[in-house]
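Dear colleague,

Please find below the structure I promised to hand over. My findings follow it, and I would be grateful if you read them with the coordinates open.

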Amino acid sequence: MTAAAPGPGPGKPPRSGGAAFFVAVGILLSRMIGLVRQAIFSRYLGLSDAADVYTVAFRIPNFLQNLFGEGALSASFIPVYAGLLAQNRREDARKVAGAIATILGLVVALIVLAGVLATPQLMSVIAPGYSGAKRELGITLVRIFFPGAGLLVLSAWCLGVLNSHRSFLLPYAAPVMWNLAIIFALIWEGPRGGAEQIAIWAAWGSVIGSGLQVIVQLPMVRLLAGSLRPGIASGNPDVRSVIRNFFPAFISRGVTQISAYVDSIIATLLPTGAAAALGNAQMIYTLPVSLFGMAVSAAELPAMSGAVGTDDEIAAHLRTRLNSGLRRIAFFVIPSAVAFIALGGIIAAALFQRGQFTAEDSQYVWGILAGSAVGLLAGTLGRLYASASYALRDTRTPLLFALIRVVLTIALGLGAALWLPQALGISTRWGAAGLTASAGLAGWVEFTLLRQAINRRVGQTGVPLGFVVRLYVAAGVAAGCAWGAHWLLGEFPPIPQAMLMLGVYGVAYLTAALVFGVSEVAEVTGKLSAIAGRR
């Protein structure tokens with residue numbers, strides 16, 4: 001690291017707590033609507049063959065959005081663009097934004113065209129266990145999804161521009177439009193269409209929603225960034241810096257996404273319903289990852305990227321931000337992981353148990369959800385360490401560790417899903433729970449490597465062990481209180497049962513954490529009081 005141009009020094013870093021809050025609010029809005037979408041989807045399709053195929057095919061747009069939006073584009077574009085803004089070089093920033101938009105549009109157009117043409121070959125890769133009618137439906141759905149995937153990548157560019165200008169709520173709430181379009185398609189076709197036709201309508205709803213997601217962000221992009229002229233500007237050193245950092249981040253994020261794809265591919269080798277149940281569980285366990293891991297990491301990336309000063313000052317700046325962010329993430333994620341283990345069946349029933357989705361299906365999703373709790377904390381803390389690495393313009397280190405993670409995921413996942421159930425004498429369908437648990441173990445290895453790498457560069461960081469223990473104990477006490485309320489008051493329908501038990505769980509966790517001296521409780525209750533006071 002070298003001394004940077006003058007700017008806001010590390011002694012007075014911009015506060016990111018409010019930014020993380022707005023990211024979380026935007027994500028919460030989109031995720032809540034997403035859960036409604038998934039509940040309606042489950043009502044009409046349950047864990048059927050069509051639900052399996054849709055879930056697998058749906059990973060195509062999800063892959064590209066995550067690859068560009070949460071990974072490569074954020075890691076390469078935001079540090080450069082935010083750095084230019086921090087140095088008040090706004091005209092240079094506009095040139096970079098316009099050039100990246102142009103390059104991204106050309107690349108995405110080629111990817112979409114190639115994807116539509118190569119869909120049969122892609123189906124052989126992402127769903128090797130599907131044949132006949134399931135395979136044909138998958139080919140149809142993937143071809144529909146691809147244009148929408150291209151639009152979601154452009155939405156990721158909007159997110160990068162807006163985040164760099166410290167505008168967080170809109171880009172993370174924009175997926176509400178995407179979800180609403182799919183919900184409309186499901187409600188329109190669900191009562192009268194067959195399973196395959198419903199899945200096709202939902203896919204077209206996804207494409208329309210992708211376009212709406214871009215459209216709602218463009219006016220704010222123009223307002224904050226100004227008029228952007230298209231052009232490649234390959235000679236611009238800042239554009240070259242984005243491109244140079246993009247490819248390692250692209251491969252790194254791609255490898256991470258492959259880890260999720262491995263689970264999906266192996267699930268196609270399991271009995272009917274495994275892929276759909278895995279998708280339902282992912283809708284739930286990615287909520288805390290997005291709300292807390294992504295919210296803090298997204299808010300911190302432009303803030304850390306704008307750090308200026310000497311090497312020691314920048315290192316101190318990053319240490320302070322990392323330690324604060326890690327504590328905030330752990331405070332929310334640890335009770336989420338315990339809730340998945342203790343209350344996962346109640347959560348799944350409240351969200352999905354209606355129509356074609358049965359009580360037995362809820363128990364199945366619970367098992368998969370409990371497996372995901374193994375690596376939930378590692379995955380969310382690892383996101384923040386990866387953001388710190390990107391802020392230091394290092395995209396290669398996360399790539400190396402992501403490669404290690406995906407190798408472990410494949411090896412452990414195959415054993416846990418295909419061999420372990422037979423060895424234990426249980427149904428092979430429970431291999432889906434082995435998939436999430438084994439991915440969690442691989443996530444802990446990646447997190448440990450990332451933390452060690454960052455600590456070598458900026459000094460000691462991390463969450464104190466005593467703090468972690470107090471949070472786990474508080475969450476365990478809260479789970480006991482929730483089940484105590486259940487035993488005292490008896491059975492209710494799934495939704496009121498979940499509201500009761502989760503309400504008791506949340507209050508008991510905050511109370512226990514307060515008793516154990518966890519300072520973050522005051523921050524949370526203070527924000528809740530402020531929100532209530534504004535009403």
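Phe58 has a relative accessible area of 17% and is therefore buried, the limit being under 20%. The model is a predicted one, and every value in this message was computed from it. The ring of Phe58 and that of Trp178 are stacked, because their centres are 5.6 Å apart and their planes meet at 25°. Phe58 belongs to the loop between H2 and H3, whereas Trp178 belongs to helix H8 (residues 175-189), so this pair ties together parts that lie 120 residues apart in sequence. Trp178 is buried as well, with a relative accessible area of 11%.

A search of the whole structure gives 14 aromatic pairs. One of them joins Phe58 to Phe145 in an edge-to-face arrangement, with 5.9 Å from centre to centre and 75° between the planes. This pair also links distant parts of the chain: Phe58 is in the loop between helix H2 (49-57) and helix H3 (59-86), and Phe145, 87 residues away, is in helix H6 (residues 132-164). Phe145 has a relative accessible area of 1% and is buried. Phe58, Phe145 and Trp178 are members of one aromatic cluster, together with Phe41 and Tyr54.

The helices on either side of these contacts deserve a word. Helix H2 is largely enclosed by the rest of the structure, because eight of its nine residues are buried. Those eight are Ala50, Ala51, Asp52, Val53, Tyr54, Thr55, Val56 and Ala57. Helix H8, with 15 residues, reaches 22 Å from its first C-alpha to its last, close to the 21 Å expected at 1.5 Å a residue. Buried residues of H8 include Pro175, Val176, Trp178, Asn179, Ala181 and Glu189.

Which residues touch the most other members of the largest nonpolar core? They are Tyr54, Phe77, Leu141, Trp157 and Tyr505, in a core of 157 residues. Helix H13 gives the most to this core, with 21 residues. Leaving aside residues up to four places away in sequence, Phe77 touches Val96, Ala97, Ile100, Trp157, Gly160, Val161 and Val242.

Helix H13 covers residues 311-352 and contains Ser336. This serine has a relative accessibility of 13%, so Ser336 counts as buried. With residues up to four places away in sequence left out, Ser336 touches Pro288, Phe292 and Leu376.

A further region to inspect involves Pro79 and Arg393. Pro79 lies in helix H3 and, at 1% relative accessibility, counts as buried. The C-alpha atoms of Pro79 and Arg393 are separated by 7.4 Å, although the two residues are 314 residues apart along the chain. Helix H15 itself (residues 376-391) has 16 residues, which should span 22 Å at 1.5 Å a residue; its end C-alpha atoms are 23 Å apart, so the two values agree. Of those 16 residues, 14 are buried, and H15 is therefore largely enclosed by the rest of the structure.

How many disulfides does the structure hold? The number is zero. As for individual cysteines, Cys158 is buried, with a relative accessible area of 1%, whereas Cys481 counts as partly exposed at 35% relative accessibility.

Finally, some values for the chain as a whole. Its secondary structure comes to 20 helices and zero strands. Of its 535 residues, 56% count as buried. Among contacts with a separation of 6 or more, 86% are between residues 24 or more positions apart.

With kind regards

Conventions: Residues are numbered from 1 along each chain as its sequence is written. This is a predicted model: local features need pLDDT of at least 70, side-chain atom pairs count only at pLDDT 80 or more; totals for chains, interfaces and linings use all residues. Side-chain values use heavy atoms; hydrogens and water are left out. Helices (H or I, at least four residues) and strands (E, at least two) are DSSP runs, numbered from the N terminus. Buried means under 20% relative accessible area, exposed over 50%, partly exposed in between (1.4 Å probe, protein chains only). Contact means heavy atoms within 4.5 Å. A nonpolar core is a set of buried Ala, Val, Leu, Ile, Met, Phe, Trp, Tyr and Cys residues joined through side-chain atoms within 4.5 Å. Rings of Phe, Tyr and Trp (its six-membered ring) pair if their centres lie within 6.5 Å; planes under 30 degrees apart count as stacked, over 60 as edge-to-face and the rest as tilted. A disulfide is a pair of cysteine sulfur atoms within 2.5 Å. The expected span of a helix is 1.5 Å times one less than its number of residues.
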